[in-house]
Amino acid sequence: MPGNGVYGIVNRMGEESIALTDLILFWGKRHFENVIKVFPSIESKGRVTGSPIADAWLLENKKIKTNNKIRQDKSQVILFVSSFAAANHSAGEGYDYLNLVRNSDQNFEKFKMAQTFRSRKELMEQMLVKYTELLQLIGRELPETKVIVRPHPNENKSYWEKIVEPYQNISIQTGGNISEVMLSVDTFIHFNSTTSVLANFLNKKVLMLSPELPENLTDRINPTSEKLSNVFKSSEKLVAYLKSNEIISNARSKEVDQVLDELIFNKRNSEEAMSSKKIMDEVDILVSINRCYYAWYINLYNYIYVLIE
C-alpha cells in the first residue's frame with residue numbers, strides 16, 4: 001500500500017533490495033508512480049497488478065447486505081483504530097523509534113533520516129494524546145453508542161484498557177480479521193491508517209481527527225488517508241458530526257471512488273479474483289524470458305499446482 005510520502009517509501013524499500021529484485025508488484029498506479037519518484041530505477045521492474053487482498057475485500061463487501069439483515073440493533077457502532085506504536089509501543093518507550101532508525105536504508109542521508117523519525121515520533125506522541133481525548137469525549141457524549149477500540153498489534157494494550165475502564169459503551173478488541181469487525185460497524189475512526197482503504201471499500205463512514213500541526217509534522221501524514229476520510233480539526237467537531245443525522249448515509253463520494261480507482265487496480269471487477277491471475281501472468285512472463293535461471297521456480301510452481309488440484 002502507498003506509504004506516508006517519501007518516509008513511507010524509504011522505510012519499506014531500498015536501492016539494494018531493488019537491485020536484487022526482478023519483478024516488483026503494485027496495488028495500483030498511484031503507488032507505482034509515487035515510488036518511481038523516489039527510486040527511478042524501479043520503473044522497468046514494476047508492474048501494476050492489483051492485490052489479492054483487495055480482491056478479498058471486494059468479496060467481503062457482498063456480506064454487507066446479509067450482515068445488515070441479521071443485525072437487529074440499529075444503534076450506531078464505531079470502530080476506533082489506534083496506530084500509535086511509535087508513542088505507545090508494547091516493548092516500552094522509545095523502542096519503535098530506535099528500531100526504525102536501526103533498520104533504515106543506510107543510503108538515505110543520515111541527518112534527514114534522523115529528522116524524519118524524530119518528526120514521526122513527535123507526531124505520534126501528540127496524536128496519541130488527541131485521540132485519547134477524542135475517545136473519552138465520545139464515551140461521555142455518546143453513552144448509547146457502542147465503540148470498539150482496536151489497538152495496533154505493536155501497541156501497549158494496557159494503556160487503552162485504563163482509558164476505557166470508566167465507559168460501559170467502550171470495549172477493546174484485538175486479533176482476528178479486521179474486515180470481519182469492520183462489517184459489524186457503521187463508522188471507522190482512525191489516524192493516518194491505510195485501513196481507511198478497506199473501510200471505504202466496505203462503505204463505512206470514515207472519520208479522521210487532524211488538528212492544526214507544524215509543517216514538519218504534517219508532512220508525515222499520509223495524503224491518501226486524508227483524501228479517503230472526512231477530516232475534522234477538533235474532537236468537538238467530530239463528536240458533533242457523530243451526533244448529527246449525516247451519519248446515516250454511508251455512500252462513497254465520486255472523489256473517494258476516483259482515489260480508490262487509482263489506488264487499486266481492478267477495483268470495479270468485484271466478481272472475479274483478477275489480481276491473482278494478473279500476478280501469475282507477470283511471473284510466467286518473467287520465467288519464460290529467463291527459463292534456465294528460474295528452473296527452480298518452474299518445479300516449485302508445478303508442485304504447488306498439483307497440490308491445489
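## Accessibility and the predicted model

A residue counts as buried under 20% relative accessible area, as exposed over 50%, and as partly exposed in between. At 36% relative accessibility, Lys157 is therefore partly exposed. The structure described here is a predicted model.

Lys157 and Glu161 meet through their side chains in a salt bridge, at 3.7 Å from N to O. Both residues belong to helix 8 and stand four residues apart, which means that about one helical turn separates them. Glu161 is partly exposed, with a relative accessible area of 37%.

Side chains of opposite charge can pair when their charged atoms come close.

One of the salt bridges joins Glu282 to Arg47, with the closest N and O atoms 3.4 Å apart. This pair links distant parts of the chain, since Glu282 lies in helix 15 (residues 274-289) and Arg47 in strand 2 (residues 46-48), 235 residues apart. Glu282 is buried, its relative accessible area being 14%, whereas Arg47 is partly exposed, at 29%.

Another salt bridge is formed by Glu141 and Lys243, and here the closest N and O atoms are 2.7 Å apart. This pair also links distant parts of the chain: Glu141 is in helix 7 and Lys243 in helix 13, at a separation of 102 residues. Glu141 is partly exposed, with a relative accessible area of 38%. Lys243 is likewise partly exposed, with a value of 46%.

## The largest nonpolar core

In soluble globular proteins, nonpolar side chains tend to be buried together. In this model, the largest nonpolar core has 34 residues. Those with the most contacts inside this core are Phe80, Tyr131, Leu134, Leu135, Ile138, Ile189 and Phe191. Two or more residues each come from strand 3 (77-82), helix 7 (110-141), strand 4 (146-151), helix 8 (157-164), strand 7 (205-209) and helix 13 (235-243). Helix 7 gives the most to this core, with nine residues.

Leaving aside residues up to four places away in sequence, Ile189 touches Ile78, Leu79, Phe80, Val81, Tyr131, Leu134, Ile138, Leu207, Leu238 and Leu242.

## A separate core

Conventions. Residues are numbered from 1 along each chain as its sequence is written. This is a predicted model: local features need pLDDT of at least 70, side-chain atom pairs count only at pLDDT 80 or more; totals for chains, interfaces and linings use all residues. Side-chain values use heavy atoms; hydrogens and water are left out. A nonpolar core is a set of buried Ala, Val, Leu, Ile, Met, Phe, Trp, Tyr and Cys residues joined through side-chain atoms within 4.5 Å. Buried means under 20% relative accessible area, exposed over 50%, partly exposed in between (1.4 Å probe, protein chains only). Contact means heavy atoms within 4.5 Å. A salt bridge is a side-chain nitrogen of Lys or Arg within 4 Å of a carboxyl oxygen of Asp or Glu.
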